[in-house]
Amino acid sequence: MTLNDLAPLIPLMVIAVSSVIIMLGIAFYRSRAFSGLLTLAGIAVAFITLFGVQGTRQVTSLLILDDYALFYIGLILAASFVVALLSSDYLEGRRENIEEFYILLLLSTLGSSVLAASTHFVSFFIGLEILSVSLYALIAYTRNELNIEAGVKYLVLAAASSAFLLFGIALLYGETGTMEFSRMSSGISAQGINKGMLLTGFALVLTGVGFKLAVAPFHMWTPDVYEGAPAPVTAFVATVSKGGVFALLLRYFIQVDMHAYPSLFGAVAFIAVASMFAGNLLALLQKNIKRILAYSSIAHLGYLLVAFLAGGVMRVTAVTFYLVAYFITTLGAFGVVTMLSGKERDADAVEDYQGLFRHRPWLALIFSAMLFSLAGIPLTAGFIGKFYIVAAGAGSALWLLVIMLVINSAIGLYYYLRIIVVLYAQPGHSEVSAVSSLPLTGSLVLVLLTVLLLWLGVYPEPLIEMIHRMTMRF
Amino acid sequence: MIPLHWYLWLSAVVFMVGVAGFLMRRNIIIMFMSIELMLNAVNISLVSFSRYLDDMRGQILVFFIIAVAAAEAAIGLGIIIALFRNKVTAHVDEANEMKG
């Protein structure tokens with residue numbers, strides 16, 4: 001092992017080092033602007049160094065930096081950049097000493113990036129824990145009653161789910177004798193393997209991962225954590241933490257062919273259908289925007305699993321494109337919530353948005369674009385993403401799942417449109433509309449996200465091309 | 001030498017005790033202890049697999065698990081103290097502002 005072997009890890013190191021620099025910096029000089037700028041600079045530098053990694057580089061047996069990993073790390077870094085920008089104005093005045101927020105943000109970004117690059121159970125576990133331990137603190141960060149409650153719920157359930165995950169890892173390790181993803185499939189096909197133990201192992205790992213992805217029936221924590229967490233952190237939980245875990249899941253099941261295990265395939269198909277229905281049906285009952293978006297994210301992960309179950313290279317394209325669209329849309333939607341939030345509470349009741357179009361037409365238009373994309377209306381990135389998922393599912397003849405997806409999209413349309421109707425209704429009496437001026441950085445970010453959303457919806461070829469080039473190496 | 005499956009049974013039993021404690025107790029500190037019990041059950045099986053396969057990697061993972069469990073306990077107790085300051089209770093059912 002030489003220094004040159006570690007060179008591909010520079011993007012990850014930049015993130016880690018900048019969190020340490022900020023931590024040491026805070027000891028001498030507390031300033032939100034300073035920590036915020038350092039964070040943005042760290043993420044930007046890490047993003048630029050991604051382009052310096054050439055070809056596929058395996059770093060020990062733990063991490064691999066191939067095009068797939070680089071793409072996902074780039075996506076994760078971009079999302080954290082947006083969250084860092086959104087949170088800067090949000091945090092002001094909510095509690096003293098807000099600088100540590102950025103350390104935690106960088107650390108969880110690091111954990112998620114490690115997940116996207118990991119090829120080994122040890123790096124998987126470490127990445128997941130770096131991500132979740134910093135998330136516990138981020139969720140409870142502003143320390144009001146709801147924050148703490150959300151933090152406690154996430155803490156207890158996430159810790160228990162990692163115990164299940166680890167037990168699964170131990171069983172798979174015991175049966176196959178390896179923790180490397182690439183050698184696992186040969187270990188599985190070896191003679192004298194105990195099928196029962198192997199399937200128990202897979203089931204336990206799936207439980208742990210399913211919890212992180214918030215798919216039914218492991219979704220119970222999601223609405224409460226989404227509602228209780230500060231709005232930018234909610235955006236972070238919905239995008240960065242799920243994106244990293246999904247990237248890992250996809251990589252794992254490309255190495256280990258799931259179609260060889262009908263029971264495993266059936267279990268994932270059940271999870272997909274259950275998530276779609278649970279997410280969409282329960283969202284109909286909600287009166288809180290954050291909770292609606294939480295249930296909608298459960299449903300979206302269900303859609304993603306449909307593409308995940310499809311075979312071939314098509315699924316990587318479908319999943320990746322959908323995740324990009326989902327990232328943009330979710331960040332945009334929670335960005336609007338963040339911008340409108342007053343200091344006492346977040347703007348999360350549906351009534352807060354009544355007649356938003358009258359006071360803030362641009363914000364209302366942006367929010368509508370995001371909701372249209374979540375619903376999968378043409379001209380938005382969400383439509384193209386859904387189209388690819390249906391194509392991938394149909395290509396593998398998963399008709400039942402595709403039909404479920406279509407039914408669920410129709411159900412989903414109802415509650416997205418309900419919010420949009422409220423946006424354009426007569427203004428009600430809400431203190432949220434009284435927010436005097438909108439922060440400039442946040443507005444710029446939202447405009448940029450909307451442009452990206454429409455651009456990908458109208459002209460998706462460049463991104464598709466990029467994803468195709470990335471998947472060719474598999 | 002004690003056969004492998006004895007260790008696995010021990011580990012499974014300790015894990016189930018942890019799961020039972022996690023599901024049945026409502027005091028958050030006890031729930032946290034149960035999670036530690038589950039993690040240590042995993043450690044037992046990892047070490048025994050590692051010994052049985054004559055492969056050190058399982059034991060290395062155990063060190064990571066111990067370190068991570070310590071980090072988790074540090075953050076976790078911090079959040080529990082914050083909860084206690086708000087509610088003067090360590091009972092999870094008292095944290096019930098959000099429903100639905």
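Helices (H or I, at least four residues) and strands (E, at least two) are DSSP runs, numbered from the N terminus. In this sense L10(B) belongs to helix α1 of chain B, which covers residues 4–24. The structure is a predicted model, in which local features need pLDDT of at least 70 and side-chain atom pairs count only at pLDDT 80 or more, while totals for chains, interfaces and linings use all residues. Residues are numbered from 1 along each chain as its sequence is written, chains are lettered from A and ligands numbered from 1 in the order in which they are written, and side-chain values use heavy atoms, with hydrogens and water left out.

L10(B) counts as partly exposed, because its relative accessibility is 43%; buried means under 20% relative accessible area, exposed over 50%, and partly exposed in between (1.4 Å probe, protein chains only). From L10(B) to I44(B) the C-alpha to C-alpha distance is 8.1 Å, although 34 residues separate the two in sequence.

Chain A contains 20 helices and two strands. Its radius of gyration, 21 Å, is close to the 23 Å that the globule rule gives for 474 residues, so chain A is as compact as a globular protein of that length. Here the radius is taken over C-alpha atoms, and the rule is 2.2 Å times the number of residues to the power 0.38. The C-alpha trace of chain A spans about 70 × 55 × 40 Å along its principal axes.

Of the 474 residues of chain A, 64% are buried. Contacts (heavy atoms within 4.5 Å) between residues at least 6 apart in sequence join, in 80% of cases in chain A, residues at least 24 apart. The accessible surface of chain A is about 16300 Å², and carbon and sulfur atoms account for 70% of that area; such areas come from the Shrake-Rupley method with a 1.4 Å probe, and for residues only the protein chains shown count as cover.

An example of a covered element is helix α10 of chain A, residues 221–228, where eight of its eight residues are buried. Among them are W221(A), D224(A), Y226(A) and E227(A). The cover over the buried residues of α10(A) includes α6 (121–139), α7 (145–176), α9 (195–213), α11 (231–255), α13 (289–309) and α14 (314–340) of chain A. The loop between α9 and α10 of chain A holds P217(A), and the peptide bond from A216(A) to P217(A) is cis, with omega near 0°.

Two further loops of chain A contain a backbone feature of another kind. N97(A), in the loop between α4 (67–91) and α5 (100–117) of chain A, has phi near 55°, a positive value in a residue other than glycine. N97(A) is partly exposed, with a relative accessible area of 37%. A397(A) is placed in the loop between α17 (381–395) and α18 (399–423) of chain A; phi of A397(A) is near 60°, again positive in a residue other than glycine. At 47% relative accessibility, A397(A) also counts as partly exposed.

The two chains meet through 40 residues from chain B and 45 residues from chain A. Between chain B and chain A about 3600 Å² is buried, with 78% given by carbon and sulfur atoms; buried area is the accessible area (1.4 Å probe) that two parts lose on being put together, summed over both. R57(B), I79(B) and M98(B) supply 20% of the area that chain B buries against chain A, more than any other three residues.
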